[in-house]
Each structure stands twice: as structure tokens, then as C-alpha cells.
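Hello,

Here is the structure I promised to pass on to you. Have a look at it first, and then read my notes below.

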Amino acid sequence: MSPPEAIHFIFFLILFTGKHAVGDSLDSDKQILLNLRLFLEQKNRINQGSYNKWDPRDQSPCTWPGITCSNNRVTGISLPDNDIAGNLYTNFSGLTALSHLDLSKNTIDGAIPPDLGKCRNLKVLNLSHNIMSGEVNLTGLDSLEVVDLSVNRISGDIRMSFPVMCSNLVVANLSSNNFTGHVASMDECSKLEYVDLSSNSLTGNLSFGFGRFKEFSVSENRLSGDLSGSIFMGICCLEVLDVSENILTGKIPPEISNCKNLTSLDLSGNKFSGEIPAEIGLLSNLKQLLLGNNSLSREIPEALLGLKSLDYLDLSRNNFTGDVQAIFGRFTQLKYLLLHANEYSGGLNSSGILNLQNISRLDLSFNKFSGPLPREISQMRGLRYLFLAGNRFSGKIPSEFGNLT
């Protein structure tokens, strides 16, 4: 910064440092942004992001990096991955037209300040991938449509976080935090369609219908009890359902087949038992079916062959014994087949899985296969990933494997 620029900037700081400028003009927006620049530079004296290019001599802030304007007002601040550290700025509410705020992928710490709840026009809030902590209180953000607080250290009861900010909410990602409590019905959030509460410390069971959502994930929590078929009754708009890595028990409810739009169903990493419901074969749009790490019956229903869009099938860690089931060789469209960590001892050729030409990833590791490595694997021209570790194969690696380019 040249001496004239330095004098200009110091003069500006004398005018505005320590004051929370509030107004309804582009000039007041500019002043608040320059205060934000000063705040960020004081917290980040070495590594600084694009905000240090905000020039007080510019007549308008609308050309500054990360700033969006509409109708001659600042409406958006986007500073992801900008080396921002320290606590959150406490005068965003002074930007009365602010509708989008993205400060993701930084190292912002501390709690979310009450000031943020005064941003009445805020529609999109992304504070993900920081190290923020404390509880969430976004009371007042009635216009919020998208909130992403994932990958932080935020805590508190999950039920206290939704009702205060959800009347217009469509997308809520609170994953990878320290939220506790039971998952409530979220009936107050009538517009909510995409919910990700994965990787928290949530408990209880899923006793409410969530079929109105399009995507719902509560993976990697501590949910328990049965997955009741009643929660899939009525209208079901689900396209993605992920309840993996919990402690859910009982049988997989056949009523899941009511969710005709499902493209991805992940029930892996639980304690489900019994047979795989044949009704799952009615999910004609299903592309991914993950049932690994459960205690399911080894009987694979013929109806699953009707899943013509299925390209990812995971039945690993289910204690399947004996030969690989012959039905797998009939899933000709599969690209990913995961059968690892069972107790298979044979059936590699008789099952037909070595004839699946579309397979890209085949995982047969940690079973009880023995004898020479099958040369037929070399004919699987689409193969990119092959896992055979943890078995009892012997002899030489077939030279034909060199054909798997």
C-alpha cells in the first residue's frame, strides 16, 4: 500500500473502527464491509484472503472479490477457503439486504453470535468446514432456505435447533458436529426436503414419517430400535435414504418399497436380520443398495434382478457362508459388487460373477477362498479395482492378469 493509500485507509479507520454502521444504502454497506476487512486483517495478520483487495477508494463495493449486489445493495458475501481464523464478525446484520453468506472452509472458531439472528433477509448460510463450537441459536432467521453448518464442533439438543429457523428451510446440513438428543418429526419445517444429520451423537429411534423429504441421512449416530414400516406409509418422496452405522435392529421393513423414487438406499452397519425383502425389487429407480455389515439371511430374492438401474450392491459383512450365491452372476448391469468380510469358501466360477463384464470394482477380500487365483478374472475387461486380500489363495499370480489394463 502506497503512502497516499495508507493515509486514506487510516482516515477511514478513524471514522469507522469500533462503530457498527447500520443503514439502508450502498454507502453504508461499503462502510460495514470495510469494517469487516479490518476485523479479518486484525485476526489474520499473515495469511489473508481476497478481502484484502477491498479498496476503500472504490466508489462501489459491488466489484470487490466475493461481493454480490442487487438493486444497488450488497446481497452476498462469499469468502470460502480464504484463510479466515478467529471468531465470527458481529455486525453482519448491518447489511440489511444480505441474503447469502458463505464463509465455509476456513478456521473460524467460537460460537455463532446473536447478531447473525438479526439478518432477517438471509436465505443461504454456509459456515461449514470450520471449527465453530457452542450451541446454535438462529432465532429470527425466518427467511432461511439453506443452512450448512457441517463439519464443525457445534453441540446442543438437535430438537432445539430446527424450530427456530425452519419455516422456509429447504436444505439443512448439520452433519459432523456434536449434536445430541432424539431426532424430532420436524413438522414445523413444512418446506424441508434435504436433511443431513449424519456423524453426530443422536439417540432414540426413528418413529416419525420422513417420506416427505427427498434426501434424509442420519448415518453414524446412535439410533436404535426397529425401523418401523409405518414411517414409509402414505406419500413418500424419498430419493436418498441413509441410516447406516447406527444400532437399528429387527427386519428390514418391506414398506420401503412404497418410496418409488429411491435411487440410493443405505442400511449398512446396523443389526438388521432376517431376509432381504423381495419388495425392494419394486424400486425401479434404485441405483445403490447398501446392506453390508448386518446379519441378513444369505437368500437373495429373485425380485432384486428387476432392479435394472442398480449399479452398486454391497452385501459385505453378513456372515454368508459356503459358495457365492449363483444369483450374483445374473446382475449383469452391476459396476460395483462388494462381498468382502463374509465367510465364502467357494463358488467364484459357479456363481458367474467372473463373467460380469460391467464390473469396475470387485471386492472379495477377507473370505475363505483357497486354491489358485482364477484366470477368468483377466476376462473382466471393465475391472479397475480388485480386492482379494485376506483369503487363502496359493500358487502364482496368473500372467493373464497383465491383460487388465
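One term before we start: two strands pair if DSSP finds at least two bridges between them. Please keep in mind that this is a predicted model.

With that term in hand, look at β15 and β17, which run parallel and are joined by 3 bridges. In one of these, G225 has L248 of β17 as its bridge partner. Both strands belong to an open sheet of 4 strands in the order β15-β17-β19-β21, with parallel pairing. Since β15 (224–226) and β21 (295–296) stand at the edges with a single partner strand each, one side of each has no neighbour in the sheet.

Now to the cysteines. How many disulfides are there? The count comes to 3, and along the chain they follow the pattern 1-2, 3-4, 5-6.

- C62 and C69 are joined with S to S 2.1 Å, and this link is left-handed, at -95° about the S-S bond.
- C166 and C189 are joined with S to S 2.4 Å. The torsion about their S-S bond is about -90°, so this disulfide is left-handed. C166 and C189 are both buried.
- C236 and C259 are joined with S to S 2.0 Å. Here the torsion is about 90°, so the disulfide is right-handed. The pair links distant parts of the chain, 23 residues apart, and both C236 and C259 are buried.

C119 is in no disulfide, and it counts as buried at 3% relative accessibility.

Enjoy exploring!

Definitions and conventions
Residues numbered from 1 in each chain as written. Predicted model: local features only at pLDDT ≥ 70, side-chain atom pairs only at ≥ 80, totals over all residues. Heavy atoms only, no water. Helix = DSSP H or I, 4+ residues; strand = E, 2+ residues; numbered from the N terminus. Disulfide = S-S within 2.5 Å. Buried < 20%, exposed > 50% of the residue type's maximum accessible area, 1.4 Å probe, protein only.
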